[in-house]
Amino acid sequence: MDHHTFVSRVARHTGTAEDRAATLTAATLETLAERLTGGEVLDLAAQLPKPLWGVLSPHPHTEAAERFGAAEFVARVARRADCDENTARAGARAVFATLREAISGGEFSDVVMQLPRDYRDMVEPALAPATARRR
């Protein structure tokens, strides 16, 4: 999937303009990169369009993931995207749904396995069968 298609799908999922979707995408992926181990960030980046690699850079001095819950994840996305937390949560859901379409099932599973259960609200819609996601 190319960058434009990725952002267009996030825009469609959120019902926002593409420039807003691009901001939400970058904010969500940057926050996700903080939450994943460095190796997993590199694995994820390898399956995404090159323009998204910059926001997925793991911290150069650590392999360890930061440990924070879903509420902090949403708060960080909201700060980065300069939006309210409801918009950030919807954007994160849309990015996870688009990730599910853009990367291999195994890689998506690897990402999800690093997230605690309180992320379920953001991730489960992406795990639904394709027919259920289109509704």
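**Close-up views of salt bridges and loop residues**

**View 1. Salt bridge between Glu 124 and Arg 120 in the predicted model**. The closest N and O atoms of Glu 124 and Arg 120 lie 3.2 Å apart in this salt bridge. Both residues belong to helix H7 (residues 120–127), where a spacing of 4 residues means that about one helical turn separates them. Glu 124 is partly exposed, at 44% relative accessibility, and Arg 120 is likewise partly exposed, at 35%.

**View 2. Salt bridges of Glu 72 with Arg 76 and Arg 79**. The closest N and O atoms are 2.9 Å apart in the pair Glu 72 and Arg 76, and 3.3 Å apart in the pair Arg 79 and Glu 72. Glu 72 and Arg 76 are 4 residues apart in helix H4, so about one helical turn lies between them. Arg 76 has a relative accessible area of 16% and is therefore buried, whereas Glu 72 is partly exposed at 30% and Arg 79 is exposed at 57%.

**View 3. Ala 17 in the loop between helices H1 and H2**. This loop connects helix H1 (3–14) with helix H2 (18–35). Ala 17 is partly exposed, with 44% relative accessibility. Its C-alpha atom is 18 Å from that of Leu 52, a residue 35 positions away in sequence.

**View 4. Lys 50 in the loop between helices H3 and H4**. Lys 50 counts as exposed because its relative accessibility is 61%, over the 50% cut-off. A C-alpha separation of 28 Å is found between Lys 50 and Pro 116, which are 66 residues apart along the chain.

Conventions:
Residues are numbered from 1 along each chain as its sequence is written. This is a predicted model: local features need pLDDT of at least 70, side-chain atom pairs count only at pLDDT 80 or more; totals for chains, interfaces and linings use all residues. Side-chain values use heavy atoms; hydrogens and water are left out. Helices (H or I, at least four residues) and strands (E, at least two) are DSSP runs, numbered from the N terminus. Buried means under 20% relative accessible area, exposed over 50%, partly exposed in between (1.4 Å probe, protein chains only). A salt bridge is a side-chain nitrogen of Lys or Arg within 4 Å of a carboxyl oxygen of Asp or Glu.
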